[in-house]
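Morning, everyone. I'll walk you through it step by step.

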Amino acid sequence: MSKTVVRSDTAQSVVMMGKRTEKSVRGILLGLTGASMFLGVILLVVGAVMVSGYSVFLDFITGRYLESAVFILVMGIIVICVSACGFYAAFKSHYCMMTTFLSIMVLVILCELVAAVTTFALNNEKSHDMGMRKKLKESLEMYGSSTSPDQTAAWDLIQTELHCCGLYDVNDYSSSTFTTQTGHLPRSCCGPLELDTLGVAETCKPDTPSRYKAGCGVALKSFLSRKCGVLGAMAVIVAAVQITIIVAASVLISKWKVPGQCYPCY
């Protein structure tokens, strides 16, 4: 009788330990899939910010910069959706759905790494740099023209945002129609201007102390290089963390009981 009681207590202890282990595994998996969702949100936010930043200069840059940012944004949405399925699978201890989540995440990581390599490569492609400078030069020649107000607005925007003046320097305006007609530089070529006794701001000229010294070609290239660096680095970091999550999750679900069938997978 006493042996039967001991065996019963032992069996109950084993069952309770098994339940505690299963609960712990599920809790860790919930944390891992939740972290994966958070990484997806990061990709989404970074992609959206980059798209917004690139959109300001669409008149001058090639479409591949914007495409890389949009791709990261879309990957963020996919990671959030897939991770939500993984979170549900962890909560329900659903083996088949969890393995599907891990398989899709492997493909996502590969796409992120490809996006990172492509983004870094944009900085070294001279064709994009030459195309950008050609667009800048062509649009600068139309600055101040009554027939091209969009080009004037675009140059005012880039000079204000990047604190630059002209394509290479201020001399680009020396023979322009705008400077010939007005006798001064565009207002966007200067920072804060001094006011006279009547409260009227001075005109922007080559000798104005607040005039921007950098050329917009160099300033825009530097801006794009920084954006590409941030975008590529973020994709690599997120992919590295996701690899850790996938490995940890794979080890944990290996402790689960494998079902006989995973409809409709197999």
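Let's begin with the order of elements: along the sequence, the pattern reads α-α-α-α-α-α-α. In numbers, that is seven helices and zero strands. Keep in mind that this is a predicted model. The chain has 266 residues, and 38% of them count as buried.

Now, helix packing. Two packed helices are described by the angle between their axes and the distance between the axes. We'll take two pairs.

H3 covers residues 95-122, and H7 covers residues 216-253. Their axes lie 8 Å apart, at an angle of about 155 degrees. Why do we call H3 roughly antiparallel to H7? Because angles over 145 degrees count as roughly antiparallel, and this pair packs at about 155 degrees. The crossing of H3 and H7 is left-handed. What kinds of residues make up the contact of H3 with H7? There are 21 nonpolar residues, six polar and two charged.

Stay on H7 and look for H5, residues 149-162. Here the axes are 10 Å apart, and the angle is about 65 degrees. That angle makes H5 roughly perpendicular to H7. The range for that label runs from 65 to 115 degrees. As for handedness, H5 and H7 make a left-handed crossing.

So much for helices. Next, a loop. Find Ser210, which sits in the loop between H6 and H7. H6 is residues 177-182. Is Ser210 buried, exposed or partly exposed? Its relative accessible area is 22%, so Ser210 is partly exposed. The cut-off for buried is under 20%, and exposed starts over 50%. Now look across from Ser210 to Cys190. These two are 20 residues apart along the chain. Their C-alpha atoms are separated by 5.4 Å.

Last stop, the pockets. The largest pocket has a volume of about 160 Å³. Which residues line the largest pocket? Going up in number, they are Lys137, Leu140, Glu141, Leu167, Tyr168, Asp172, Ser175, Ser176 and Thr177. How does that lining divide by class? It has three nonpolar, three polar and three charged residues.

To recap, we have seven helices and zero strands. H7 packs roughly antiparallel with H3 and roughly perpendicular with H5. Thanks, everyone.

Terms used
Residues are numbered from 1 along each chain as its sequence is written. This is a predicted model: local features need pLDDT of at least 70, side-chain atom pairs count only at pLDDT 80 or more; totals for chains, interfaces and linings use all residues. Side-chain values use heavy atoms; hydrogens and water are left out. Axes are lines fitted to C-alpha atoms, for helices over the stretch in contact, and angles run from 0 to 180 degrees between N-to-C directions. Helices (H or I, at least four residues) and strands (E, at least two) are DSSP runs, numbered from the N terminus. Angles under 35 degrees count as roughly parallel, over 145 as roughly antiparallel, 65 to 115 as roughly perpendicular and the rest as oblique. A crossing is left-handed if the near helix is turned anticlockwise from the far one by less than a right angle, and right-handed if clockwise. Ala, Val, Leu, Ile, Met, Phe, Trp, Tyr, Cys and Pro count as nonpolar, Asp, Glu, Lys and Arg as charged, and the others, Gly among them, as polar. On a 1 Å grid over the protein atoms alone, a cavity is a set of points where a 1.4 Å probe fits but cannot get out, and a pocket is an open set with protein on both sides within 12 Å along at least five of seven lines; lining residues have an atom within 4 Å of a point. Grid points are joined across faces, edges and corners, and a volume is the space filled by probe spheres set on the points. Buried means under 20% relative accessible area, exposed over 50%, partly exposed in between (1.4 Å probe, protein chains only).
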